[in-house]
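Subject: Structure handover

Hello,

Here is the structure I said I would pass on. Please have it open while you read the notes below it.

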Amino acid sequence: MGKLVLYGVEASPPVRACKLTLDALGLQYEYKLVNLLGGEHKSKEYTLKNPQHTVPMLEDDDGKCIWESHAICAYLVRRYAKDDALYPKDYFKRALVDQRLHFESGVLFQGCIRNIAAPLFYKNETEVPRFKIDAIYEAYDFLEVFIGSQPYLCGSGITIADFSIVSSVTSLVGLAPIDPKRYPKLNGWLDRMAKLPNYQSLNGNGAQMLIDMFSSKITKIV
Ligand SMILES: N[C@@H](CCC(=O)N[C@@H](CS)C(=O)NCC(=O)O)C(=O)O
């Protein structure tokens, strides 16, 4: 097998989701930092590989490129995992994982993180409207129900949906702290996820970086 390459930055939640998946699969890979502030992701070289100029991007061992973290994580399991535990083949179980992945993509990442981050980082705004914080709590309400009485988001075993969603929730807590009394299931799940091997280097440090980036920009919730 050739070499896998992951392109990314630590603060990016979807990059961290891919790292958690690669680690759970025990895969070796080269990690290439992409200088987003310097515009490296918009270079000719990068956009030839990923015209959407996003991170994460995975360059497979045969040079094929794939981007979009949810697609990357699912691909990694299908291609390299010894069994289907992280992304079950059973139609219904897979549908459940897919639902959670789409929830991360549309509601948590786009609807919460990017919706708050884009005006701060691209338009230099410093105030965040209260309704955007309310949207985070609405998402937490859903997650509390998704987890229910199970240890993980899709039941008794960890899946790529857990890797995906933990990557954004652990940064969102900087904007909308989680009260364990109001969100006991979500809080318990976060504690379980934090016990994963290499958790701090794969997700914890990067999640804190994004929290710090938010704090350095936000002056007021209005
Ligand atoms: N839904 C995508 C989101 C990817 C994304 O928007 N990544 C951000 C960093 S967190 C990025 O690359 N921004 C630079 C750009 O869009 O040009 C995924 O899961 O991969």
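Predicted model: local features only at pLDDT ≥ 70, side-chain atom pairs only at ≥ 80, totals over all residues.

What follows is a short account of what was found in it.

Domains

The protein chain divides into domain 1 (5–80) and domain 2 (91–221). Their centres, taken over C-alpha atoms, are 20 Å apart. Domain 1 puts 17 residues into the contact between them, and domain 2 puts in 25 residues.

Core

The largest nonpolar core contains 66 residues. Among those with the most contacts inside it are Leu-76, Ile-136, Tyr-140, Trp-189 and Phe-214. Helix 4 (residues 91–122) is the main contributor to this core, giving nine residues. Because domain 1 (5–80) and domain 2 (91–221) both supply residues, the core lies between them.

Phe-214 can be followed in detail. Setting aside residues up to four places away in sequence, Phe-214 touches Ile-113, Ile-116, Ala-117, Leu-120, Phe-121 and Leu-175.

Strands

Strand 1 (residues 5–8) pairs with two other strands. With strand 2 (residues 30–33) the pairing is parallel and runs over four bridges; here Gly-8 stands opposite Leu-33. With strand 3 (residues 57–59), strand 1 pairs in the antiparallel sense over three bridges, and Val-5 has Glu-59 as its bridge partner.

In a regular strand, side chains alternate between the two faces of the sheet. In strand 1 both faces are covered: Val-5 and Tyr-7 are buried on one side, Leu-6 and Gly-8 on the other.

Helix 1

Helix 1 has 12 residues and spans 17 Å from its first C-alpha to its last, close to the 16 Å expected at 1.5 Å a residue. Of its 12 residues, 10 are buried, so helix 1 is largely enclosed by the rest of the structure. The buried residues run from Pro-13, Pro-14, Val-15, Arg-16 and Ala-17 to Cys-18, Lys-19, Leu-20, Thr-21 and Leu-22; note that Arg-16 and Lys-19 are included. They pack against strand 1, strand 2, helix 3 (69–80), helix 4, helix 6 (160–172) and helix 8 (199–217). After helix 1 comes Gly-26, which has a positive phi, near 65°.

Which residues does Cys-73 touch, not counting residues up to four places away in sequence? They are Ala-17, Cys-18, Thr-21 and Ile-160. Cys-73 is in helix 3 and is buried, with a relative accessible area of 2%; the cut-off for buried is under 20%. Cys-73 and Ala-17 are 56 residues apart along the chain, yet 7.7 Å separates their C-alpha atoms. Ala-17, Cys-18 and Thr-21 are among the buried residues of helix 1.

Thr-159 sits in the loop between helix 5 (130–147) and helix 6. Despite the loop position, Thr-159 is buried, at a relative accessible area of 3%. Leaving out neighbours within four places in sequence, Thr-159 is in contact with Ala-85, Leu-86, Val-97 and Cys-154.

Regards

Note on methods:
Residues numbered from 1 in each chain as written. Heavy atoms only, no water. Core = buried A, V, L, I, M, F, W, Y, C linked by side-chain atoms within 4.5 Å. Buried < 20%, exposed > 50% of the residue type's maximum accessible area, 1.4 Å probe, protein only. Domains from an automatic or database assignment. Contact = heavy atoms within 4.5 Å. Pairing = 2+ DSSP bridges. Expected span 1.5 Å × (residues − 1).
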